[in-house]
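Have the viewer open while you read.

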Amino acid sequence: MATAILKEIFDIEVVRTRDLEVLKELDIVYDVGDGEFDHHQVEKEFREKGTPYAACGLIWRKFGKDVVRANDKELSEGDISSIVRSIDRNLIESIDASDNGIRAAMTIIPTPNISSIISNFNPPWNADAENEDEYFNQAVKLADVILGNALAQQISTVKAKAPIAEAFEKRPREELLILDRSYPWARVLNSIDRERKILYVVFPREDEYLLQTVRGSGSLGNRKSLPETWAGKRDEELNEILGIDDAIFCHSGRFIAGAKSYESIMKMADIAIETPDNKPPKRFGHVLQKFIAKQLKSIGILDGDEKKK
């Protein structure tokens, strides 16, 4: 990933070596050489929250602003700094943690991360040593795409602030935010909706309109789920409940629903707001509990008798 970062702003030629005499002649040396961008020393540098820097993070800390600026010259310095922090937190930090031997997340289900995916480009033990650079170049190509997408998403989020803020001020009722495009609204809304009044967001997507719940602060739940009677319903069955003719679906998790017309999605929003709140169906908790129990049993943490208790 460090190479992908540098490629964003420099026309580079990568020299992969540990030869100190060769390293002395290079403009930027990273991941080796005990210099500014090497993290293999005993004395490491740490982020404020304790995650140590690795070569990738050290490169990003030094050149991140230049990378963001090169991708969009209209951004303010404040926005650039915000994007640099966000990409470090959501992409670079986990790579650094892995590179320093820290397991960033331990889950019951084996979950790949950026570092594990890129590490799969390391040549197998029985591969031809002459092709080692080819494996490295393939890994860099993937890192290019990942970094490019992360930059595009973060920049788009910054540029969505103004239209989202305008829609927030002009909303027809305090519980509902209506957007004219499918903006990345969650983070922006969290920063401007100080009183946490917005329950739902309406926005267009291709040839339909969506009604989505807003997540509760610091939790996985919704501020208010969509009505229980809608859960998992589609087309005619959902339309019969709603009294409209172009509803498309409501997810069984009750966090998103869709309709073909703006008028219908607005009616769905009004119904959702006026419907008394209720908790998500118990079956979701039961399914999760059963799944966790099976996983714990499979790795020997939970035996059959304990499960029955």
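This is a predicted model: local features need pLDDT of at least 70, side-chain atom pairs count only at pLDDT 80 or more; totals for chains, interfaces and linings use all residues.

1. Residues are numbered from 1 along each chain as its sequence is written, and side-chain values use heavy atoms, leaving out hydrogens and water.

2. Next, salt bridges. One counts when a side-chain nitrogen of Lys or Arg is within 4 Å of a carboxyl oxygen of Asp or Glu. With that rule you get 22 salt bridges.

3. Start with Lys7 and Asp144, whose side chains form a salt bridge at 2.9 Å, N to O. Lys7 belongs to helix H1 (residues 2-7) and Asp144 to helix H6 (residues 132-159), so to speak distant parts of the chain, 137 residues apart. (Helices are DSSP runs of H or I with at least four residues, strands are runs of E with at least two, and both are numbered from the N terminus.) Lys7 counts as partly exposed because its relative accessibility is 40%, and Asp144, at 21%, is partly exposed as well.

4. Now look at Glu132 and Arg16, a salt bridge with 3.7 Å from N to O. Here too distant parts of the chain are linked: Glu132 is in helix H6, while Arg16 is in the loop between H1 and helix H2 (20-23), 116 residues away. Glu132 has a relative accessible area of 37%, so we call it partly exposed. Arg16 gets the label partly exposed at 41%.

5. What do the side chains of Arg173 and Glu274 form? They meet in a salt bridge, 2.7 Å from N to O. Arg173 sits in the loop between helix H7 (161-169) and strand S1 (176-178) and Glu274 in helix H10 (residues 262-274), so the pair ties together parts 101 residues apart in sequence. Arg173 is partly exposed at 23%, whereas Glu274 is exposed at 53%. Through shared partners, salt bridges join Arg173, Glu175, Asp270 and Glu274 into one network.

6. Finally, find Glu93 in helix H4 (residues 77-99). Is Glu93 buried or exposed? Its relative accessibility is 10%, so it counts as buried.

Conventions. Buried means under 20% relative accessible area, exposed over 50%, partly exposed in between (1.4 Å probe, protein chains only).
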